[in-house]
Amino acid sequence: MITQRKPLGLGTLSLLVLAMGLAFNFPWGATKFMFSHYLFDFIHLPIYSNGTQGLHIPFVIAALFWIPTFLIARKYRAHWGTGVSYNVAGFMLLLCIIGPFIHVIDWMVNG
């Protein structure tokens, strides 16, 4: 019996986009450098919705990475690495969608 490997293709690109999305908010090195925080500071946007607390806006903006990853992996399911990309991007999208709703509900309840 011959087993075929999944081919490399456009679906494999979803792994790269997934890695870029994870690296966007990952704290790097001893100084905890985060590219998303640097980018937001550079264009003078707040990092949190309420000063130094609240909704972490760069995490929600990272959905710009999760949506293409999810769509590419869904379209090219037969390519190598798309299963992992599809599941991880779907989970991260779910967190990006549910996170703001939890914050809004907490704000409405606690005033």
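Trainee: Where does S85 lie?
Mentor: S85 sits in helix α5, which covers residues 82-110. Keep in mind that this is a predicted model.

Trainee: Is S85 buried or exposed?
Mentor: S85 has a relative accessible area of 0%, so S85 counts as buried.

Trainee: What is S85 in contact with, leaving aside its neighbours within four places in sequence?
Mentor: With those left out, S85 is in contact with S14, L15, L18, T69 and A73. With S14 there is also a polar contact, side chain to side chain, of 3.1 Å.

Trainee: And how many Å apart are S85 and F33 in space?
Mentor: They are 25 Å apart, C-alpha to C-alpha, and 52 residues apart in sequence.

Trainee: Next topic, H56. Which strand is that in?
Mentor: H56 is in strand β2, residues 53-56. Its relative accessibility is 18%, and the cut-off for buried is under 20%, so H56 counts as buried.

Trainee: Which side chain does the side chain of H56 make a polar contact with?
Mentor: The partner is the side chain of H37, at 2.8 Å. Apart from residues within four places in sequence, the contacts of H56 are N25, H37, I47 and Y48.

Trainee: H37 is in α2, then. Which residues of that helix are buried?
Mentor: In α2, residues 35-42, the buried ones are S36, H37 and F40. They cover an arc of only 100° around the axis, so they are on the same side of α2.

Trainee: Why would residues a few places apart point the same way?
Mentor: An α-helix has 3.6 residues a turn, so residues three or four places apart point the same way.

Trainee: What do the buried residues of α2 pack against?
Mentor: They pack against α1 (13-24), β2 and α3 (57-61).

Trainee: What follows α2?
Mentor: H44 follows α2, and its phi is positive, near 60°. H44 belongs to the loop between α2 and β1 (48-50). With a relative accessible area of 70%, H44 is exposed.

Trainee: What about the phi of K32?
Mentor: For K32, phi is near 60°, a positive value in a residue other than glycine. K32 is in the loop between α1 and α2. At 56% relative accessible area, K32 is exposed.

Trainee: Changing topic to aromatics. How many aromatic pairs does the structure hold?
Mentor: There are 6 aromatic pairs. One of them is F26 with W28, an edge-to-face pair with 4.9 Å centre to centre and 70° between the planes.

Trainee: Which residues form one aromatic cluster?
Mentor: F24, F35 and F65 make up one aromatic cluster.

Trainee: What lies over the face of Y86?
Mentor: R77 does, at 4.2 Å from the ring centre.

Trainee: One more residue, T12. Where is its place?
Mentor: T12 is in the segment before α1. T12 counts as buried, at 17% relative accessibility. Not counting residues up to four places away in sequence, T12 touches P7, H79, W80 and T82.

Trainee: Last thing, the confidence. What pLDDT does the protein chain average?
Mentor: The protein chain averages 88, and 98% of the residues score at least 70.

Trainee: Which element has the lowest mean pLDDT, and which the highest?
Mentor: β2 has the lowest mean pLDDT of the elements, 80, and α2 the highest, 93.

How values were computed:
Residues numbered from 1 in each chain as written. Heavy atoms only, no water. Helix = DSSP H or I, 4+ residues; strand = E, 2+ residues; numbered from the N terminus. Buried < 20%, exposed > 50% of the residue type's maximum accessible area, 1.4 Å probe, protein only. Polar contact = N/O pair within 3.5 Å; in protein donor to acceptor, adjacent residues only side chain to side chain. Contact = heavy atoms within 4.5 Å. Arc of directions from axis to C-beta. pLDDT = per-residue confidence, 0-100. Phe/Tyr/Trp six-rings, centres within 6.5 Å; stacked < 30°, edge-to-face > 60°. Lys NZ or Arg CZ within 6 Å of the ring centre and 35° of its normal.
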